[in-house]
Structures are given as C-alpha cells and as structure tokens.
Protein chains: 2
Amino acid sequence: MLFSSEKALQRINSELLLLEFGNRPAELYEPLYYIFSLGGKRLRPLLTLMACQLYEENFEKSLKPALAIEVFHNFSLIHDDIMDQANVRRGKPTVHTKWDIPTAILSGDVALVEAYKLIMEVDENLKTKAFSLFSKTAKEVCEGQQLDMLFEKRQQVSVAEYMEMIRLKTAVLLGFSLQIGALVGGASEEEASKLRSFGENIGLAFQVKDDFLDAYGQASKIGKTIGGDIVANKKTYLYTKAMELADDKTAKELGAIFENQKLAVDDKVKTVMAIYDQLQIEKETKILMEELYVRAVKNLSGLSPGIMKIAKLKAFADELMGREH
Amino acid sequence: MLFSSEKALQRINSELLLLEFGNRPAELYEPLYYIFSLGGKRLRPLLTLMACQLYEENFEKSLKPALAIEVFHNFSLIHDDIMDQANVRRGKPTVHTKWDIPTAILSGDVALVEAYKLIMEVDENLKTKAFSLFSKTAKEVCEGQQLDMLFEKRQQVSVAEYMEMIRLKTAVLLGFSLQIGALVGGASEEEASKLRSFGENIGLAFQVKDDFLDAYGQASKIGKTIGGDIVANKKTYLYTKAMELADDKTAKELGAIFENQKLAVDDKVKTVMAIYDQLQIEKETKILMEELYVRAVKNLSGLSPGIMKIAKLKAFADELMGREH
C-alpha cells in the first residue's frame, strides 16, 4: 500500500460516504451517493492529505479540501462520461446510463457546487487563495476535456498539443491537490508551488504511462486488451510521437490505418505496433517518462520538511510510476 | 421602460460584453460570448442594481454580483436547453444546436465557475455570506429543474408541488438578486431578507402570469400561439389547479386529453380551455396572482429607504405584473 495511506484512504472513503448533498428530489442526489459508493483509488485526496502531513502531523485540516477535490473529480467524471458516451465506470453503469443524460448533467452541476462549498471550508486566511486556485484549476480541467474532444476529430495533433491537453485535463488537478494540502498544512506559498509542480509532472508521467501500458503492458495486468487505444483511434503520446518521428510516407500510412474503420482489430493493432517498433516508440516513451519523473522529483529538493518526510512522497510517486496495472 | 433602468441595462449589457472568460480553446469560450450577445431582459441583474440603489446612490458596488447572477442564469439556460431539447432561444440557435451537446455541457460548466468568480468579487466582509447564499440558490435552481423534468413524466402533480417547483426553478434566483444587491448596498440582513421574500413572491407571480398568458393572453401580444403549453402537455398552474378542482370524471377526461398525442392541436386547446372555463380557472389564477402580489408587497412595508425609493421597486413589480407580453 502507498505510504501509510491505508488509514488515510479509509478516512477519505468514510468521509465521502458521510457527505450530505441533499435529499430532495431524490433523483438529483442519488447519483452522487451512487458514484461515491463505487470506490476508486482516491489518488487526489490522498495527495492532499500527504502534502498536509509534510507540514503538520495531523491531516485533519486537509480533509475538507481533499473531499472537495474528490467531489470535483467526480463532477468531471459524470459530465465526461456523457460526452464520451461511456457506459461503464469501475464495472458499474455510469450515471447517465443508470439514470439519463439530463439527470447526469444536473447531478454533475450540483457536485460542482458541493465541491466549491467544501473547498471554502479551509481556514479563514486561506479562503481567497483556495477559492481562486480551485476556480483556475476547474476551468483548466474543462479546457483539457474540450481539447481532448477536439483532438478526436482532428487528424494532426502535435506532441506539444497532446502534452498540453493532458496537463490541463489530468495533471493540474494532481498539482492542485498537493498545493492546497501543503498550504493548509502551513507550507509557504513557494514550497506549495514546488509541490504543485511535482504533482503536475507526476500527473503527466502518470498519463503517459497509461498510454504506454495500453500498448506495451501485459493484458493480464492492465485488465484490458492490449492496443485498446489503437482500436479506439485515440491519439495518445505514442501516436503523436510516432507521427512526429515518421517520414511522410509512414505518417500517411499510420494516419490512414487509424482512420480505417474496416480493418480487423487484430490486424490494426499489429500494423500500428509494427510502425511504433520501427520508430522506437517504446524507447522514446520510456525516455519521456524518465524525464518527467526527474523533472517532478527536482521540485522536492530543498523543501523544509526534511528528507525523511519527503521520501514518503517520493515513494508514492515511485509506486505510481512503477505500477504495472 | 422600467424605473430609470435604461442606463442600468446599458451598463449591464456593456459589462457582460466586456467579461473575459478565456480564449483557448475557442470552442469552449465562444458559446459564452455568443449567448451574452443574444441579449435578454437582464431582469435579475437589474433587480440587483435596483436593490443596491435603495441603500446607496451609486450602484457600482453591485455590478459584479449582478453579472454573477446573469452569468449563472445563462449557465442554467445552456444546460436546461440541452435537457429540454430546445433548439431556439431568443430567435437564435441554442448552444448545443449551434455547437454540440458536449460543448454545451462544458461551456455551461465554465459559466458556473465564472459566476462563482464574480460573486466573490464583493467586499471582503460580504464574501462568506455571498458565497453561501449563492451556493444555496444554485442548488435550489438545479432542484427546481430536476422537479420540472420529473413532473413532465408524472400524471399527477399537485398545486403545492407545482408552486414549490417554480419557487426553486425561478423565484429563488429573483429573491437572491434583490437580497445580494441590498446587502452590497449596505442593508441589514433583516431588510435584505425582506427584499428577498419580495423577489421570491414576485417571481412566483411572474411565472404564474406566464402560465396565464399562454391560455388567456392575446396571441399577437405574447408572440406565440395561444395554448402552447396545452399542446406541449405542460403541467402549468392552470392544469394543476384544474386537476385539483375537477371532479373525478372531469379530471380523468383532462388527463386523457393531455396525454392524447393524436388529437388535432386546435381541438385539444379548445377542449382543455372549455374545461378550464367550466372550472373558472381564469378567475382562480387571477386570484392567486393577486395574492402573490399582495404577499410580495407586504415585505416592502417599513423598510428604511423610505417610501419614495421603495415606490420605484414597487413600480417595477407592477410593470412586470401588468405586462401583456
């Protein structure tokens, strides 16, 4: 288990189940109780608690912002699942599948309001800061989702564009989780910003790793078929990097295969993987992950909590990056 | 024109056009610039400015919360139009029609964040109050919309349920518009609450009047066909009141006509109107509107700004209620 997080995770889950969003009309609030009952890694609130504990033994003060972030994250999942027409999450029907799209839109809206209410339950002197950082992050997450949808329709997406998209869609919220936890724990703005940068870079690495595992992981460990992204024409880091490295002829070929709806699934994966191999995409991706990891960890040097405490956070990142599932 | 509101309206409109939501990705922010370019009565922000002016000559301080409320209102319009599958608003395509549903969901989400940012631009001593009142109102508006959708699917909706639905969906935001304007202008909490009650009751009256005009207005003046709500099977005050007053036989008949999809439009309207006439729904509705108006105005008595200033606000309500379009 990640650091001493078992206790923290239990606490987060029990607090999530205790949240009272409202009761009437039931159809509006049931989806929120439902989505939190589905469980999850609770990665973001764990990061908040952990960042707080770097500066203050007791993580109690960071619970509300941690919950705010998890509620916000679930707001974005509810709305994203509508947009992505995803029917299953964590093995259960998504909100708009179990209820309907209007209910999912409204429940998501209410979740965003609840997230705001929770983020404002920090100490008086941090309210303004927490509010503006949260608002900025919320907008960036929306921007990332919009870019993700736009990229699906575009044939050409550069590596830089892809990295910016995943930064907005995924990494900034991880960064904010650490930043607000640190601030609540009593960190200086400067140290909190460094922890944010650490979180953002780990977030980027985490997403690239996800892309990597889809192509180079072991099916039995990742719990889904290898090449799922290829089959779904998802423009991952692997794809955008391949497009960048390929000569005109290969790029054209790769683009055509991706868009070809008639190709048998196995053939499609095999052909794309052959191009990836030819372009050494596996190696390139490993290099990037290592770079992002190094960039992340650099932010941890010289922080006031001292090496022993920081080591826990680094171990958490190592575990995330070393994961095979 | 309502009170000296021409100047206030111009100011609101120019401030709305000056709002900078963001630029990138364009597809996320264009819908927001678009919806504010469509115009509108700006009833809510006008109420905020007017309530402020009861206590402070200059309405400048109330501009940000006024804009917050208009931005929030448009967030709810964008999302409601998706849920209601409405393709036209103010003679122009709705956001999800001009763009698509995912874009409308995300643009709405961003609008909610922007509304929060604006509402927090009140004086330091009012931030917590403004935030919690706004959050409460936002949730209530979502609850009202959910009830509205639920009622569409139900055959039986009582008058009390209908009134509670329109209170949440429409009236509370009008109440909040006045309350926050008054607070920003320097009113006591007690006076601000009275103005809120005034706003809520005017909001109820306003919505019931809307229902009334759909059946008893002049087509040329309301700019749409008489009986549109009947054709659309909308459970209005008129319908719920008729169901309450009707004997079992008539209630069954009315319910059956409403649900009958095969009936010619003209016949349907004529038959329902005959039942309404038989049950004296026109008179009943006028009585309720008068009651709500009296209840609203009662809240204005004894307020500190004095009779002359209060008269302006009352004149505004009179104009709203006396409208035939």
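**A walk through the two chains**

Start by selecting E6(A), K7(A), Q10(A), S14(A), L17(A) and L18(A): these exposed residues sit on the face of α1(A) that points away from its buried side. Helices are DSSP runs of H or I with at least four residues, strands are runs of E with at least two, and both are numbered from the N terminus.

Before you go on, this is a predicted model: local features need pLDDT of at least 70 and side-chain atom pairs count only at pLDDT 80 or more, while totals for chains, interfaces and linings use all residues. Residues are numbered from 1 along each chain as its sequence is written, and chains are lettered from A and ligands numbered from 1 in the order in which they are written.

**The other side of α1(A)**

Now pick S5(A), A8(A), I12(A) and L16(A), which are buried. They lie on the same side of α1(A) because they cover an arc of only 70 degrees around the axis, taken from the directions from the helix axis to the C-beta atoms. What do the buried residues of α1(A) pack against? Show α2 (26-37), α3 (43-53) and α4 (63-83) of chain A and you have the partners; contact means C-beta atoms, placed from the backbone, within 7 Å.

Most residues other than glycine have a negative phi, and most peptide bonds are trans. With that in mind, zoom to R24(A) and P25(A), joined by a cis peptide bond with omega about -5 degrees. P25(A) is in the loop between α1 and α2 of chain A. Hop over to chain B, where a cis peptide bond joins R24(B) and P25(B), again with omega about -5 degrees.

Next, select R42(B), in the loop between α2 and α3 (43-55) of chain B. Its phi is positive, about 55 degrees, although R42(B) is not a glycine. Buried or exposed? R42(B) counts as buried, because it has 23 C-beta neighbours inside 10 Å.

Then go to Q280(B), in the loop between α14 (265-278) and α15 (281-298) of chain B. Phi of Q280(B) is positive too, near 55 degrees. Q280(B) has 14 C-beta neighbours inside 10 Å, so it counts as partly exposed.

**Where the chains meet**

Finally, show both chains: the contact takes 29 residues from chain A and 29 residues from chain B. On the chain A side, α7(A) gives the most, with 11 residues.

Key
A residue is buried if 20 or more other C-beta atoms lie within 10 Å of its own, exposed if 12 or fewer, and partly exposed in between; C-beta atoms are placed from the backbone. Two residues are in contact if their C-beta atoms, placed from the backbone, lie within 7 Å.
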